[in-house]
Amino acid sequence: THEDVTGLLEMLGTPTKVERGGRVFPESDKASDVTRALDRGMRDAGVTISLNTEVAHVRQADGGFNVELTQGGTLKAKSVIVATGGVSYPTTGSTGDGYQFARENGLNVTKLSASLVGMTMDEKWPMLLQGLSLKNVRITAKTGKKTIYSELGEMLFTHFGMSGPLVLSASAHMQDITAGRYTFSIDLKPALDDKKLDERVQRDFAEVPNRDFDNSLGRLLPASIIPLVIKRSGIPPEKKVNQITKAERAALCSAIHALTFEVKGLRPVSEAIITRGGVDVKEISPKTMESKLVRGLHFIGEVLDADGYTGGFNLQIAFATAYACAQSF
């Protein structure tokens with residue numbers, strides 16, 4: 001369970017914390033602390049770690065497997081556990097070789113694509129907001145009229161479009177993106193309904209009745225996003241706030257509650273936190289993680305066709321499948 005994982009990390013000297021949505025992180029916010037803790041745990045358990053030892057092939061042989069190395073030589077093994085990850089973040093060693101080991105032993109690998117990854121848009125305005133981080137906003141993703149994701153949290157505008165926890169999680173629900181298939185909406189003030197937001201706007205306007213509209217929203221919104229909200233509201237920027245009508249205020253509130261645009265695509269899988277797809281779980285025993293086709297060959301973690309949201313959920317898949325596998329020996 002996840003309590004077992006956090007308990008293990010605590011025992012290895014890395015305390016954890018729980019954030020919004022049940023996401024678990026090390027208290028230090030440093031992934032390297034988790035890496036070092038696991039490294040200490042393996043060495044304390046007597047595990048032999050062979051660095052710079054790349055595997056080229058895993059082939060069935062009498063009594064088990066031949067693990068062939070790219071630099072030459074073969075390791076004999078009675079059982080093999082493939083824990084290579086996917087194809088995202090290749091600089092960490094996740095180069096997709098685990099899928100090759102599966103295929104060359106007759107297993108099916110489902111379609112691979114990016115998940116938990118940033119999004120791009122046709123419109124230019126998100127890129128003009130590069131570096132702007134929004135907290136306590138709600139994003140809603142739809143395909144047609146169907147809502148596929150809606151959550152409160154944080155997001156970030158980047159040079160290519162959008163990223164951040166909410167955007168990454170929403171990407172897990174999107175694939176095979178085509179023009180017009182997915183729309184995205186940002187509610188900048190989800191804690192206020194239309195009535196309360198309108199009352200807030202009226203109070204702000206009352207304090208600066210002779211000010212131009214484009215110079216009146218500084219207390220309500222981040223400065224860099226104000227021009228966009230003004231454009232979406234349809235209210236002339238130079239209009240005095242004491243001349244803005246009830247209907248125009250409604251249009252402003254609508255723009256604040258639903259900054260909507262179309263998703264063009266996802267960033268490449270090399271930038272994704274995880275890989276969607278992988279070794280077909282229908283061919284894996286869930287109790288032992290052993291291949292149903294090849295006795296002694298096991299697959300655990302992200303190399304499997306299993307993925308979840310950002311915030312420790314995919315690490316939990318890795319830990320839980322590894323534990324199930326280990327318990328079978």
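**Close-up legends**

**Leaving out residues up to four places away in sequence, His173 touches Ile148, Tyr149, Tyr182, Arg276 and Tyr309.** Contact here means heavy atoms within 4.5 Å. What you're looking at is a predicted model, so local features need pLDDT of at least 70 and side-chain atom pairs count only at pLDDT 80 or more, while totals for chains, interfaces and linings use all residues. Residues are numbered from 1 along each chain as its sequence is written, and side-chain values use heavy atoms, with hydrogens and water left out. His173 sits in the loop between helix H5 (165-171) and S12. Helices (H or I, at least four residues) and strands (E, at least two) are DSSP runs, numbered from the N terminus. With a relative accessible area of 32%, His173 is partly exposed. That label goes with a simple scale: buried is under 20% relative accessible area, exposed is over 50%, and partly exposed is in between (1.4 Å probe, protein chains only). Ser115 is 58 residues away from His173 in sequence, yet their C-alpha atoms are 8.3 Å apart in space.

**Asp305, in the loop between strand S15 (297-299) and helix H9 (313-327).** Which residues does Asp305 contact, leaving aside its neighbours within four places in sequence? They are Thr110, Gly277, Gly278, Val279 and Val281. Asp305 itself is partly exposed, at a relative accessible area of 28%. For a sense of distance, take Thr92: Asp305 is 213 residues from Thr92 in sequence and 19 Å from it in space, C-alpha to C-alpha.

**Helix H6 (residues 194-207) packing with helix H8 (residues 246-257).** The two helices meet at an angle of about 115°, and their axes are 10 Å apart. Those axes are lines fitted to C-alpha atoms, for helices over the stretch in contact, and angles run from 0 to 180 degrees between N-to-C directions. H6 goes past H8 in a right-handed crossing; the label is right-handed if the near helix is turned clockwise from the far one by less than a right angle, and left-handed if anticlockwise. On the H6 side, the contact residues are Asp194, Leu197, Asp198, Val201, Gln202 and Phe205, and they meet Arg249, Leu252, Cys253, Ile256 and His257 in H8. Sorted by type, the residues of this contact come out as 6 nonpolar, 2 polar and 3 charged. In this sorting, Ala, Val, Leu, Ile, Met, Phe, Trp, Tyr, Cys and Pro count as nonpolar, Asp, Glu, Lys and Arg as charged, and the others, Gly among them, as polar.

**The two sides of H6.** H6 has 14 residues and spans 20 Å from its first C-alpha to its last, close to the 20 Å expected at 1.5 Å a residue. The expected span is 1.5 Å times one less than the number of residues in the helix. Leu197, Asp198, Val201, Asp204 and Phe205 are the buried residues of H6. Down the helix axis they fall within an arc of 125°, so they line one face of H6. The arc is that of the directions from the helix axis to the C-beta atoms. An α-helix has 3.6 residues a turn, so residues three or four places apart point the same way. The buried residues of H6 pack against H8, whereas Lys195, Ala206 and Glu207 are exposed on the face turned away.

**Helix H2 (residues 31-44), with 14 residues.** End to end, C-alpha to C-alpha, H2 reaches 20 Å, close to the 20 Å expected at 1.5 Å a residue. Asp33, Val34 and Ala37 are buried in H2. They cover an arc of only 100° around the axis, which puts them on the same side of H2. Helix H1 (2-11) and strand S2 (23-26) are among the elements covering them. Ala31 and Thr35 are exposed on the other side of H2. Just after H2, Gly46 has a positive phi of about 85°.

**Positive phi at Leu116 and at Asn136.** Leu116 isn't a glycine, yet its phi is positive, about 55°. Leu116 lies in the loop between strand S7 (113-115) and strand S8 (119-121). Is Leu116 buried or exposed? Leu116 is buried, at a relative accessible area of 1%. Asn136, also not a glycine, has a positive phi near 55°. Asn136 belongs to strand S9 (residues 133-143) and is partly exposed at 47% relative accessibility.
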